[in-house]
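Work through the exercises below with the structure in view. Each task is followed by its solution.

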Amino acid sequence: MTEANPPSRPLDVDSTAVNWKLTGVLVALTAIALFVLDPRSVFAITEVMIFVLFASALNLVLSYSGMVSFGHGVYFGLGAYGIALTVARFDWPIWAGLMAGPVLATIAGLVYGFLSVQLTFIYAGMLTLACAEVTFGIAHQWFSFTGGESGITGYVVTRLGLSPEMFGLTVLIVVTVSLLLLWRIVHSPLGLVIRAVGENPMRAGAMGHNRKTIQLIAFTISGFFSGVAGTLYGVFHGNVFPDYVGAQFTLDGLVMVLLGGLYSFSAGIYGAVIFKLADNIVSHYFELWELVIGIILMSVIILSPAGIAGYVNRLLEHLRRRTHA
Amino acid sequence: MPEQPTGAVALTVRSLRKNFGKFVALDGVDLSVRQGERRAVIGPNGAGKTTLINVLGGQLVGDSGSVMLGTRNLMKKYPHQMSRLGIGRTFQISSTFPRMTVFDNMLSAHVCSASWWFSLSAGRLKRIKDEVMSELEIIHLDRMADQVVEDISHGDRKRLEFGMVLATKPSLLLLDEPTAGMGLQERHELIDLVLKEVTRRKLTLVFVEHDIDIVFKAAEHITVMALGKVFAEGKPEEIAKHQGVQEIYLGG
């Protein structure tokens, strides 16, 4: 058995640099896969990448800032609504719409975040849920503006008219840059203050930092990156529906982070990849693929609370010690 | 170095009151601490010592009265504002970042109190590495830098918390039972460390302590509290001879 509260990995100031070799290899392999595999697989990889970004954005809030969010689908979905509404309703050019998605998500993160940080723990979590319900209500009921249940379709040519592999490559670039920025944030002075507040708000408070301010900063940053992911998703499918801001996306994101492993930067990466692989592959052979995800999640939580990332880290640590011994 | 002006008042508390429902925790406390002074606050359980420290640190808000740091009114300020004004504190149960390493704890203390805390530059962190290590050396934790705080001993955690507060460069240090739960030798080692650093950095020290030996060793002045009020005040030798204090606290 492992401890219920896994220690975060030490922040070695000398190894906060990006592992460029690993990053380069992963990016190159993904790029090659996009150009050699069939379109169905390319779509699957594209979707995985989008969710890697969404889950990593959520992970900033869950693993580092000490908050819970039961409504992160909102910031994802508002990314898609941002471009759909500005392009379809206000005739903005596509490029401006692409900017509007993350901006709308950031504003929502700021406003809902401001409300939520007034409370703590489960109460703050319930407030994020309430904010999500309000947003879903607006998306679902305001027929003349949001299109209601039938959403907004056809506001852009699907994938901006790009071929599956070229769109996949675009997503790869945007997601890679976003993850590098998130890495930079987590391993910076600001990231350390966010972690400090997340771990012990009383100690951080006595050293000059207001919990509310720092958590709001983290929540807003997370809103922005969720919005980037959502904008990509909207353009990928060329549509937007109320479900995009709904509970399913929120839940999927939470499951991905837990699966990947709290208190680890790579939680969103492992989590989204495994979740979406199960979705795409297991569902092929077995209708109840969510049952499989459920069983995997239960095993991970019981056997390795630090998730897949925690397991991999322990394995690497073990190997490192053996080679040094 | 020019001498610090002695005699200037660093901290003034006037008629401070704090109720918890019907329970009166602070019933009009008056206190005046000079710059560079070492003041112990003692008294039986429930006397209001920790409540006083919590109001001074901003963790609690006083109901009425005033708290002045120099000429600045501190009433109704938040803990983070108190810290920015130069008040550093430890807690009765040591408060650190348990899932971080000893090194990261000290690094956090530096970054939290730095003006560039919002920076995104990792280079900033690298540049203060040596400074952080030397702060750890002062509290004798440099060899444990890589250990996760959850795994270190109670005494080491208390020392770490003290070191972290020092790293925020306070002018007034509030210590709530700095040696509680420690072994005899460890207590004296810690208080010697506190005295050394307080003297070296010319800090004003206000501490709550139950161990009378430690109190008499460290304090220049002692404030005795009972039932939310200041019961007696004076030099250690005066307090030791005080009839009433002996009855309520020292056990006759």
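A search of the whole structure finds 21 aromatic pairs over all chains. Rings of Phe, Tyr and Trp (its six-membered ring) pair if their centres lie within 6.5 Å; planes under 30 degrees apart count as stacked, over 60 as edge-to-face and the rest as tilted. This is a predicted model, in which local features need pLDDT of at least 70 and side-chain atom pairs pLDDT 80 or more, while totals for chains, interfaces and linings use all residues. Residues are numbered from 1 along each chain as written, chains are lettered from A and ligands numbered from 1 in the order written, and side-chain values use heavy atoms, without hydrogens and water.

**Exercise 1.** Classify the pair A:Tyr75 and A:Phe219.

Step 1. The ring centres are 5.5 Å apart and the planes stand at 85 degrees, so the pair is edge-to-face.

Step 2. A:Tyr75 belongs to helix H3 of chain A and A:Phe219 to helix H10 of chain A, 144 residues apart. Helices are DSSP runs (H or I, at least four residues), numbered from the N terminus.

Step 3. A:Tyr75 has a relative accessible area of 1% and A:Phe219 one of 0%. Buried means under 20%, with a 1.4 Å probe and protein chains only, so A:Tyr75 is buried, and A:Phe219 is buried too.

**Exercise 2.** Classify the pair A:Tyr233 and A:Phe249.

Step 1. With centres 5.7 Å apart and planes at 75 degrees, this pair is edge-to-face.

Step 2. A:Tyr233 is in helix H10 of chain A, and A:Phe249 is in helix H11 of chain A.

Step 3. A:Tyr233 is buried at 9%, and A:Phe249 is buried at 11%.

Note on methods:
Helix = DSSP H or I, 4+ residues; strand = E, 2+ residues; numbered from the N terminus. Buried < 20%, exposed > 50% of the residue type's maximum accessible area, 1.4 Å probe, protein only.
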